[in-house]
Amino acid sequence: MADTVDFDRIQEYHEEQEILDGKIEELAALIKKKKYVVFFTGAGVSTNCGIPDYRGPKGCWTMRALGKRANAKVSTVDALPSQTHMAMSTLIHKDLAKFVVTTNLDGLHRKSGLEGHKHICNLHGCIYIARCTGCGYDFERNFYTRDRNVDVHDHKCGHCPKCGSKNPKKKKVGVLDKDVGLKDTHINFGEYLDDIEWAEADEHCGKADLVIITGTSLSLRHITHLPWANKKAKVAIINLQATPDDHKADLRIFANCDQVFIPLMDKLNIPIDPIPAWKPNDPLPIKKIPKYVSPYYVEAAKRLKEYTIHREEQLLELEQNDNNNNNNEENSLAMSVENLDINVEEEEDD
């Protein structure tokens with residue numbers, strides 16, 4: 001945690017605009033050229049959502065090392081995807097990229113419209129996922145699944161409604177334990193990563209011909225070999241701070257993530273998709289949320305439901321406006337053609 005902060009690398013750097021533009025052009029060219037693009041993301045992709053990072057100048061672990069507390073502009077459970085999240089989601093849905101490997105637990109890649117395991121690997125877990133240690137099913141809930149009343153290394157969070165596997169009453173549930181009911185997927189310091197995530201990250205990084213590392217200082221050295229799993233792949237690093245692996249990067253950009261991905265999508269001539277109305281795959285009715293979940297997170301689940309309804313209405317209105325605009329454009333085009341025909345006839349009559 002705080003002892004993972006390297007104060008020699010805490011300074012942030014910003015490219016001059018002309019240099020930044022050139023590097024974004026280079027990144028756009030790489031994306032167009034490559035066939036298997038993988039994003040490797042850290043906390044920096046979520047800072048524009050109002051969530052503090054860990055080892056930045058005002059990051060959680062940095063501030064803790066200084067005896068202070070980081071300021072969050074929004075609760076993690078209420079945060080919405082940034083333009084960087086949505087740009088990555090858009091590129092994957094358009095098959096210009098394949099996968100996201102992330103160390104973030106905030107679930108924002110999922111909220112951007114990407115599917116777990118199909119599009120995303122959550123190396124350190126996801127706050128919304130409870131995994132069965134028996135059948136392996138991932139329950140994607142509408143609440144923060146971790147029981148914060150128990151020991152940090154006890155991951156138990158109920159029995160599995162699919163296979164019946166149950167938590168032991170007097171024993172902790174570790175990240176690698178089998179057939180002991182549901183566990184949260186939150187990986188703490190000193191714990192092993194789940195085999196499922198290891199395998200997914202290794203597979204997709206191994207297939208990649210371009211890995212775009214975004215918003216991470218690459219301080220957690222047990223996973224930083226992954227972007228270079230395919231020795232023939234090109235690797236780009238986008239981060240405000242220096243990393244231990246800058247010398248290995250084929251393209252190095254010092255910038256905020258949104259400052260890169262918004263103009264990147266412009267250069268690719270691809271509009272960024274709007275934030276979708278996220279619906280967890282396995283939500284529980286509010287009254288059936290487990291009692292261990294704090295009232296704060298129960299209220300957050302209520303807010304999520306209200307937001308989803310509101311967002312669906314917004315997206316429907318947006319779609320209707322787009323359809324109306326398209327119809328108006330078609331009508332205008334038809335009128336222009338009619339006028340053109342009339343003018344041509346008049347000219348022929350003359």
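## A tour of the salt bridges

Start by selecting Asp 78 and Arg 303: their side chains form a salt bridge, with N and O 2.8 Å apart. Asp 78 sits in the loop between α2 (60–65) and α3 (83–93), while Arg 303 belongs to helix α7 (residues 295–349), so this contact ties together parts that are 225 residues apart in sequence. Keep in mind that the model is predicted.

Now colour the pair by accessibility. Asp 78 is partly exposed, at 28% relative accessible area. Arg 303 is partly exposed as well, with 33% relative accessibility.

Next, select Arg 146 and Asp 184. Here too the side chains meet in a salt bridge, 2.8 Å from N to O. Arg 146 lies in the loop between β5 (138–140) and β6 (182–184), and Asp 184 is in strand β6, so the pair links parts 38 residues apart in sequence.

Is Arg 146 buried or exposed? Arg 146 has a relative accessible area of 9%, which means it is buried, since the cut-off is under 20%. Asp 184 is buried too, at 2%.

Move on to Arg 252 and Asp 246. Their closest N and O atoms are 2.7 Å apart, in another salt bridge. Arg 252 and Asp 246 are both buried.

Then select a group: Arg 131, Asp 138, Lys 183, Asp 194 and Glu 197. Salt bridges with shared partners join these residues into one network.

Last stop: show every salt bridge. How many are there? The count is 20, taking a Lys or Arg side-chain nitrogen within 4 Å of an Asp or Glu carboxyl oxygen.

Conventions. Residues are numbered from 1 along each chain as its sequence is written. This is a predicted model: local features need pLDDT of at least 70, side-chain atom pairs count only at pLDDT 80 or more; totals for chains, interfaces and linings use all residues. Side-chain values use heavy atoms; hydrogens and water are left out. Helices (H or I, at least four residues) and strands (E, at least two) are DSSP runs, numbered from the N terminus. Buried means under 20% relative accessible area, exposed over 50%, partly exposed in between (1.4 Å probe, protein chains only).
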